[in-house]
Amino acid sequence: MAKYSALYNKIQKDIEEGILKPGERLPSEKELMETYDLSRDTVRKSLGLLAANSYIRKIKGKGSFVLEMNRFDFPVAGLISFKEMAKRTNMKSHYTEVVRLHLLKESAFPVHAVEQNELKDIWELIRVRVIDGRRVILDKDYFYKDVVGELTEEVCKGSIYEYFENELGITIGHAHKEIIIEKATEEDRKNLDLQDYDVVAVVNSLVYLETGKLFQFTQSRHCPDKFRFIDVARRVRP
């Protein structure tokens, strides 16, 4: 077995068995060289492979840190609620904190993709999703009041889509989404447990009813180490 593979396998095993904990700093390159009698190039190759396979994160000037192995697959193409995603991925511990529920009078969605001549009353709903005790998603939702009616904090703590569909009889159709990486804001740092990350993965969605009527804009801001955004790509024949 190649020397770099042996070191890779040792660290990988320690991470998967919980000997090395999430957020823990690995020994320095020099310490690994001395402990395992390896060259610097061999150690760097092992660490590079561990980083490529999402076992560790290398931070310039600070070292290599163990990443959380418990990541959740978030479907890009699907239109799914947090409660539905939690059930699908078998999350053991999760809940929602309502940060703010406020009615904005004669307002527009905070997104430039929508040209709006008519101002409407809009519910602004800010929620934090907590998984295994860590605040990992900041959801910022905006709903047309003339579609969803009155909202309460109690409803917003649960599945709001479940409430819309089962209680109000609203039929949700489709969404247009974009995924971008942004510098973490002060709001992100206040509401999310970002650890040493200074960026967030942002999903912006315009959500439409089955009739084609726009009724929601949502922005979900994610801790970048907790989610993988996935989709199925199909070959389009010319």
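Guide: Of the contacts in the chain between residues at least 6 apart in sequence, 60% join residues at least 24 apart, where a contact means heavy atoms within 4.5 Å. The model is predicted: local features need pLDDT of at least 70, side-chain atom pairs count only at pLDDT 80 or more, and totals for chains, interfaces and linings use all residues. Residues are numbered from 1 along each chain as its sequence is written, and side-chain values use heavy atoms, with hydrogens and water left out.

The mean pLDDT (the predictor's confidence in each residue, from 0 to 100) is 85 for the chain, and 84% of the residues score at least 70. Where pLDDT is low, the predicted coordinates should not be read in detail.

The chain holds 8 helices and 10 strands; these are DSSP runs numbered from the N terminus, with at least four residues for helices (H or I) and at least two for strands (E). Of its 238 residues, 42% are buried. Buried means under 20% relative accessible area, exposed means over 50%, and partly exposed lies in between (1.4 Å probe, protein chains only).

We now turn to the rings. A pair of aromatic rings is described by the distance of the centres and the angle of the planes. Rings of Phe, Tyr and Trp (its six-membered ring) pair if their centres lie within 6.5 Å; planes under 30 degrees apart count as stacked, over 60 as edge-to-face and the rest as tilted. This rule gives 8 aromatic pairs. One of them is the stacked pair of Phe109 and Tyr144, with 4.5 Å from centre to centre and 15 degrees between the planes. Phe109 belongs to the loop between β4 (94-107) and β5 (120-131), whereas Tyr144 is in strand β6 (residues 134-144), so the pair links distant parts of the chain, 35 residues apart. Phe109 is buried at a relative accessible area of 4%, and Tyr144 is buried at 7%.

Tyr142 and Phe217 form a stacked pair, because their ring centres are 6.3 Å apart and their planes stand at 25 degrees. Since Tyr142 lies in strand β6 and Phe217 in strand β9 (residues 214-222), this pair ties together parts that are 75 residues apart in sequence. Tyr142 and Phe217 are both buried. Ring pairs also link Phe143, Tyr161, Tyr163, Phe164 and Phe215 into a cluster.

Charged side chains also meet rings. A charge sits over a ring if NZ of Lys or CZ of Arg is within 6 Å of the ring centre and within 35 degrees of the ring normal. Lys120 lies over the face of Tyr144, 4.4 Å from the ring centre. The charged end of Arg57 sits over the ring of Tyr197, at 3.9 Å from its centre.

Tyrosines also touch a serine. Ser46, in helix α3 (residues 40-52), is buried at 0% relative accessibility. Leaving aside residues up to four places away in sequence, Ser46 touches Tyr4, Leu7 and Tyr8.
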